[in-house]
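Biologist: I've got a new structure to look at. Can you walk me through it?

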Amino acid sequence: MQPLERYASLVDDFDAFRAACDRPLPSVVRVNTLKASIERAREALDAEGVDYEVSDWHPGIFRLAERGPGTSWPYFHGWLHGQEEVSALPALALDPDPGEVVWDACAAPGSKTTQLADLMDDEGLLVGNDNNLGRLSALRHNAERLGITNLAVTNQDARNFSLKPFGDRTDLPERVEAFDRALVDAPCSCEGTIRKNPDALDRWTMDHVQGVAGIQKGILRRAIQATRVGGTVVYSTCTFAPEENEAVLDHVLTEADCEIREWDTPDGFETDPGVTEWNGTEYDPAVERAHRVYPHRNDTGGFFCAKLEVTG
């Protein structure tokens with residue numbers, strides 16, 4: 001079976017879904033308001049003669065008509081950052097405040113991490129972790145270009161992440177014993193990236209889906225443990241597989257002290273609820289509060305996103 005055929009029962013218009021998956025993904029940039037206002041960024045693109053349209057659901061996201069995201073001087077100076085449109089959702093769901101202590105568990109190459117820094121006004125402490133040392137160089141480069149100073153970069157296995165390196169830092173205002181918020185944009189089977197990576201499904205196997213689901217459960221469980229009571233954890237993937245989405249949420253609801261919370265996507269962005277049953281397996285009804293993003297809904301990649309609160 002072609003992998004996407006698995007989801008015919010989940011999608012209301014499967015023909016439209018498949019047609020959208022076959023179309024190239026639009027080239028998109030996000031305005032980095034640490035360096036430029038949205039208005040100033042638009043003026044710069046207009047002066048450069050770059051054709052673009054503003055996203056229907058976010059004023060700081062532009063779809064470029066022809067040029068790649070890195071081919072203009074506003075990008076070079078850090079006013080803009082290339083980021084797949086749908087991947088802006090997790091940071092908006094996490095909604096960090098300036099001055100908080102925030103963890104991005106799987107941060108590299110840094111699109112979501114740098115968006116978090118922007119939302120935090122570059123204040124507080126943002127810990128960007130990744131277990132891939134090579135990818136961390138891209139995270140550092142992006143942070144430097146965008147003018148981010150509140151980022152600490154770590155190279156750990158997120159499933160066993162230790163706060164000890166931050167417990168005795170004299171340059172921090174207080175000991176870091178728990179995070180206020182954490183983002184787990186987990187490694188996954190990447191089915192939702194097919195529009196920019198057409199060969200993504202060529203490497204797809206059910207064994208990989210089942211194997212990576214175990215990693216996802218471990219990272220999300222550790223994020224809940226490392227976040228203070230009342231804090232927020234956001235879980236996201238770029239796959240359609242319930243084994244990597246709702247099943248992971250169902251697991252942590254029984255293994256960790258957390259609850260899934262309702263949250264609204266921005267006006268103009270359409271999503272479907274999480275599924276509560278898949279292939280004969282039933283999940284906790286609360287997983288319906290998660291958001292499934294299908295490419296034909298908003299002309300984006302595929303995505304999944306859920307917001308949790310730590311309860312104990």
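Biologist: OK. What does Cys190 count as, at its relative accessibility?

Modeller: Cys190 counts as partly exposed, at 29% relative accessibility. Here, buried means under 20% relative accessible area, exposed means over 50%, and partly exposed is in between, for a 1.4 Å probe and protein chains only. This is a predicted model, where local features need pLDDT of at least 70 and side-chain atom pairs count only at pLDDT 80 or more, while totals for chains, interfaces and linings use all residues. Residues are numbered from 1 along each chain as its sequence is written, and side-chain values use heavy atoms, with hydrogens and water left out.

Biologist: Where is the place of Cys190 in the chain?

Modeller: Cys190 sits in the loop between strand 8 and helix 8. Helices (H or I, at least four residues) and strands (E, at least two) are DSSP runs, numbered from the N terminus.

Biologist: What is its phi, for Cys190?

Modeller: Positive, at about 65 degrees, although Cys190 is not a glycine. Asp122 also has a positive phi, near 60 degrees, and is a residue other than glycine. Asp122 is in the loop between helix 5 and strand 6 (125-129). Asp122 counts as buried because its relative accessible area is 17%.

Biologist: Back to Cys190. Which residues is Cys190 in contact with, leaving aside its neighbours within four places in sequence?

Modeller: Ala200, Cys238 and Thr239. Contact means heavy atoms within 4.5 Å. Cys190 and Ala200 are ten residues apart in sequence, and their C-alpha atoms are 6.8 Å apart in space.

Biologist: New topic: rings. How many aromatic pairs does a search of the whole structure find?

Modeller: Twelve. Rings of Phe, Tyr and Trp (its six-membered ring) pair if their centres lie within 6.5 Å; planes under 30 degrees apart count as stacked, over 60 as edge-to-face and the rest as tilted. One of the pairs is Trp103 with Phe179, which is stacked, at 5.4 Å centre to centre and 15 degrees between the planes. This pair links distant parts of the chain: Trp103 is in strand 5 (residues 101-104), Phe179 is in strand 8 (residues 179-185), and they are 76 residues apart.

Biologist: Is Trp103 buried or exposed?

Modeller: Trp103 is buried, at 0% relative accessible area. Phe179 is buried at 0% as well. Phe179 also pairs with Phe161: that pair is tilted, at 6.1 Å centre to centre and 45 degrees between the planes. Phe161 is in the loop between strand 7 (151-154) and helix 7 (164-167), 18 residues from Phe179. Phe161 is buried, at 1% relative accessible area.

Biologist: Which residues do ring pairs link into a cluster?

Modeller: Tyr7, Phe14, Phe17, Phe240, Trp278 and Tyr294.

Biologist: What is the peptide bond from Ala108 to Pro109 like, cis or trans?

Modeller: Cis, with omega near 5 degrees. Pro109 is in the loop between strand 5 and helix 5.

Biologist: And cavities: how many of 30 Å³ or more does the search find?

Modeller: One. Leu25, Pro26, Val28, Glu84, Glu85, Asp299 and Thr300 line the largest cavity. Its space is about 30 Å³.

Biologist: Where does Thr300 lie?

Modeller: Thr300 lies in the loop between helix 10 (295-298) and strand 15. Thr300 is buried, with a relative accessible area of 2%. Leaving aside neighbours within four places in sequence, Thr300 has contacts including Leu25, Glu85, Arg195 and Phe269.

Note on methods: 1 Å grid on protein atoms, 1.4 Å probe; cavity = no way out; pocket = protein on both sides within 12 Å on 5 of 7 lines; lining within 4 Å. Points joined across faces, edges and corners; volume = space filled by probe spheres on them.
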